[in-house]
Amino acid sequence: MKVAVFGTRRYDVESLDAALKLVPEGRELKFTFLDSLLDEATAILAAEHDAVCLFVNDICDAKVVERLHDLGVKFIALRCAGYNNVDLAATKRYNMKVVRVPSYSPEAVAEFAVGMLLTVIRKYHKAYNRVREGNFLLEGLLGFNIQGKTVGLIGTGQIGLLTGKILSKGFGANVIAYDPYPSKEAEEHGISYVDTVDELFTRSDIISLHCPLVDSTRYIINDSAISKMKRGVVIINTSRGELIDTYSLIRGLKSSHIGAVGLDVYEREAGYFFADGSAQVMTDDAFARLLTFFNVFVSGHQAFFTAEALKNIASTTIQSLLDLEAQKVCKYVVEK
C-alpha cells in the first residue's frame, strides 16, 4: 500500500518510520511524506497512492474527497482523534474508508491542560521573562489557589476525566461536569455532573473544554454563555478551536468579565499552527488582537505532543492501514 502523508513534520517522519520497522514480514507500507496540507489544490499529490494520512488542519471536504476518489485513493487515515475536517457523507458516497486514532495519550492532553491552567493563574510565563531581565518584583503576578475552587469540565471523555481527576484528587478542587453522555467513572475521579451547561457556566470559577467539535458544540462559548459566567472566570481550551467564538472571547476580555484564557487551539489555526510565521504579517485581525491581551496564553496545538503520544499515533495508524489493506475488521473505522 502506498500512503501519501500530508502536513508532515520531522517528528511525523521519525515516529512513522520507527513504527514501520515493527511491521511483520510480508506486509509492506510505503509512505510519501509531503510538507503540504491537504486541500483541493494539493490533492493531486495523492495520485498513484492507495491512501492518504491526515492531521487536524488538513481539509478533506466533499470536493477534496471527490478529487481523491478520482485519483484512486481508497482510504483516509487520520493521525488524530477528531474527524470534523472530513466530509463523511462524501466518503460514504464514494465507499472510502476513514480511520482515526481515538486515544493516543489522554494523559498528555490532560496534563497539558492543567499546566496551562497553572500558567495563566500563576503567571509562570511572565515571571520567566521578568527574571531573565533582572526584574524580581511580584506586582502583577498575583494568582489564586485552585484548592477549593469550582472547575467546570465540558466533556468527560478520557481526557476530561483525567483532567478532572488531577484537579480533584491532586489540587482539592470541586470538579463539576456537563456531558450529554455521562461517564460511570466520573464519581470515582471526584467529578459530579450538573444537569445543564448553563448551570456549569454560572457555578464555575474555571472552565475547561474537553468535547468534540459537532454541531451542538460549535461556539458553545459565545456571548450568551459568557454573560452567565462568573466575573473573572478562567477558560482553558485544549480541544477544538471552534468551540469558542473568538469575537465573543475578545469582548469578554475587553470588559474584564473573563479573567484569563489559555488556548492550545484556535478556530482559524490552519493558516498559522505547525509552521514558522515569524517573518510574515499576521492577517487574521481577531487572532492578532487576542495575542495582545496580557491575560491570554496561546500555544500552537501542543497538548498532544509527547513521545508516548507520537508512538501510539504511528503504531495505531499503521495497524489500521494494514487491516484495511487485508480487508480485516478495523477497530477504528469512522462511521457516518
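## The model

This is a predicted model: local features need pLDDT of at least 70, side-chain atom pairs count only at pLDDT 80 or more, and totals for chains, interfaces and linings use all residues. Residues are numbered from 1 along each chain as its sequence is written, and side-chain values use heavy atoms, without hydrogens or water.

An unreviewed UniProt entry lists residues 114-303 as "domain: D-isomer specific 2-hydroxyacid dehydrogenase NAD-binding". Such annotations may be inferred rather than shown by experiment. The span is 31% helix and 16% strand, and its end C-alpha atoms lie 10 Å apart. Helices (H or I, at least four residues) and strands (E, at least two) are DSSP runs, numbered from the N terminus.

## The sheet

Seven strands form an open sheet with parallel pairing, in the order E8-E7-E6-E9-E10-E11-E12. Strands E8 (191-193) and E12 (296-298) stand at the edges with a single partner each, so one side of each has no neighbour in the sheet. From one strand to the next, the twist averages 20 degrees. Two strands pair if DSSP finds at least two bridges between them.

Strand E7 (residues 174-178) is joined to E8 by 3 bridges. Here Val 175 has Ile 191 as its bridge partner. E7 also pairs with E6, over 5 bridges. In that pairing, Gly 152 stands opposite Ile 176.

Strand E6 (residues 150-154) has 5 of its 5 residues buried, so it is largely enclosed by the rest of the structure. Buried means under 20% relative accessible area, exposed over 50%, and partly exposed in between (1.4 Å probe, protein chains only). Thr 150, Gly 152 and Ile 154 cover one side of E6; Val 151 and Leu 153 are on the other.

## Helix H4

Helix H4 (residues 106-122) packs on the sheet and touches E9, E10, E11 and E12. Contact means heavy atoms within 4.5 Å. The direction of H4 makes about 145 degrees with that of E10. Axes are lines fitted to C-alpha atoms, for helices over the stretch in contact; angles run from 0 to 180 degrees between N-to-C directions.

Of the 17 residues of H4, 13 are buried, so the helix is largely enclosed by the rest of the structure. Lys 123 follows H4, and its phi is positive, near 60 degrees.

## Thr 246

Thr 246 lies in helix H9 (residues 246-254). At 3% relative accessibility, Thr 246 counts as buried. Its side chain makes a polar contact (2.6 Å) with the side chain of Glu 267. A polar contact is a pair of N or O atoms within 3.5 Å; within protein, one must be able to donate a hydrogen and the other to accept it, and residues adjacent in sequence count only if both atoms are side-chain atoms.
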